[in-house]
Amino acid sequence: MTHALHIEGLTRHFGSRIAVDTVTFTADTGEVLGFLGPNGAGKSTTMKMIVGFLAPTRGTARVLGRDVLQDPLGVKAAVGYLPEGAPAYPDMTPKAFLDFIAGIRGYDGADRRKRVGHVIELTRIEEVAAQPVETLSKGYKRRVGLAQSLLHDPQVLILDEPTDGLDPNQKQVVRELIRTMARDKCIVISTHVLEEVDAVCTRALIIARGRIKADGSPDTLRSQWGSDNLDEVFGRITRNA
Amino acid sequence: MRNTWLVFRREFAAYFATPLASIFIVIFLLLAGLLTFFLGGFLERAQADLVPFFEFHPWLYLFLVPALSMRLWAEERRLGTIELFLTLPISMIEAVAGKFLAAWAFAGTALALTFPFWLTVNYLGNPDNGVIVASYVASLLMAGAYLAIGSMISAATKNQVIAFVLTTAACFVLTLAGSTFVLDFLSAWAPTTVVEIVASLGFLPHFQSIQRGVIDLRDIVFFVSVIMIALTANAVIVDWRKAM
């Protein structure tokens, strides 16, 4: 069976430092996978390799059966990716920005307008859609990044810290969105906020120093480590790392 | 092709999103005019040609063109948008070509806006318009070569000022490599082969020979090769230093 996401021995060195060390896992449609770990644990590096931005030192990633080393464009066409910090061109309006991405994603004319309109509605950025990105608040900027990743209704979504730096209301909006999309997608989010895992994830991967330290649903992790508190579980796992 | 066009359009529009476009065009036209009339003695020469106008283009481009190329990749790096851009389903060739062509088209737009000079010289006399067309081709090719080198250097840094300074320096060396100034200095002691190699690398002789109205395929091939080599290096650098 083809997994939505199939990661095999993914490893990345930066000089003598090993940022990601033989990370292996699979994920399927319907799963919201939380990448959990302290800063510098290798969450972002892993994501960058999955989407074909960084070349792995060893190992590979397959998205819907497409190998990122052999078919990088195929993988890029299949996934929706929100890079850390939700970068967007500051002098463009969200509308022009999304129009550009939609064009690259292969949509034209009425189809493109429909797609752009749809994600603007989905991420609730209608009221800022015509003002330059550089004038937007962090919350709106993040949602523009999210909108960009959803344009082609991808089956696999990779979101690097989608709620980082948002106020509680904005976090709620983004989490709700992730939950509503979860049913027919495979979503990977990275976070260092533990409440997020309980709020949206069906499964958590705890990563420390580039290695997977724990893998399971939030409840499994709690019972496995004999604690009701995910914070405590997280602390124990990452301290022992 | 399609993606190159989409990138081209976005990049070209980006020049006009800031005052850069208008400032660049105004300064370019102003300086081109001043140099032609004052340093070039356009009127005093009493000749119906645009030699004094085109003569200064290599020097004018030396510090204006790097201002167009410096942002191409350095800005993407600084903003982090490079991570977004390069995870779109687009090949490296399309990305590099789209950006370069946008900058080149912008330089071409500025150059095209110098048409009043051409009108003036036609009003004042009967110039050889064939030579003028050749000069425009030479100038455009020269700008393209500078831009390709600038784009390559911009890909290596996230600092636009560094990209600007290094591009100016690199283009200065390449421009002067074929000048009599350097060649006289070299021929005093270096073997003829060395002198010939250095001479063939210089932009200036190629520019001047096309500008004189002699469209020699070798000169065209020279500039096109410089552009291709620089853009290939550009793609390699982007690929290699993506994350830094």
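## Strand pairing in chain A

In this predicted model, strands β1 (residues 5-14) and β4 (residues 58-63) of chain A pair in the antiparallel sense over five bridges. One pair of residues can be named here: A:His6 has A:Arg62 of β4(A) as its bridge partner.

β4(A) also pairs with strand β5 (residues 66-67) of chain A, in the antiparallel sense and over two bridges. Here A:Val63 stands opposite A:Arg66 of β5(A). The hairpin of β4(A) and β5(A) has two residues between the strands. A:Leu64 in this hairpin takes a positive phi near 50°.

## Nonpolar surface patch of chain B

A nonpolar patch on the surface is formed by B:Val26, B:Leu30, B:Leu34, B:Phe37, B:Phe38, B:Leu43, B:Tyr123 and B:Leu124. Together these residues have about 920 Å² of accessible area. Two elements of chain B, α2 (20-39) and α8 (115-124), each give two or more residues to the patch.

The largest share, five residues, comes from α2(B). B:Leu30, one of the patch residues, has its place in this helix.

B:Gln160 lies in helix α10 (residues 160-176) of chain B. The relative accessible area of B:Gln160 is 18%, so this residue counts as buried, the cut-off being under 20%.

With neighbours within four places in sequence left aside, B:Gln160 is in contact with B:Met70, B:Arg71, B:Ala74, B:Glu75 and B:Arg78.

Definitions and conventions. Residues are numbered from 1 along each chain as its sequence is written. Chains are lettered from A and ligands numbered from 1 in the order in which they are written. This is a predicted model: local features need pLDDT of at least 70, side-chain atom pairs count only at pLDDT 80 or more; totals for chains, interfaces and linings use all residues. Side-chain values use heavy atoms; hydrogens and water are left out. Patches are made of residues with over 30% relative accessible area and no salt bridge: like charges are joined within 9 Å, nonpolar side chains (Val, Leu, Ile, Met, Phe, Trp, Tyr) within 5 Å. Accessible areas come from the Shrake-Rupley method with a 1.4 Å probe; for residues, only the protein chains shown count as cover. A salt bridge is a side-chain nitrogen of Lys or Arg within 4 Å of a carboxyl oxygen of Asp or Glu. Helices (H or I, at least four residues) and strands (E, at least two) are DSSP runs, numbered from the N terminus. Two strands pair if DSSP finds at least two bridges between them. Buried means under 20% relative accessible area, exposed over 50%, partly exposed in between (1.4 Å probe, protein chains only). Contact means heavy atoms within 4.5 Å.
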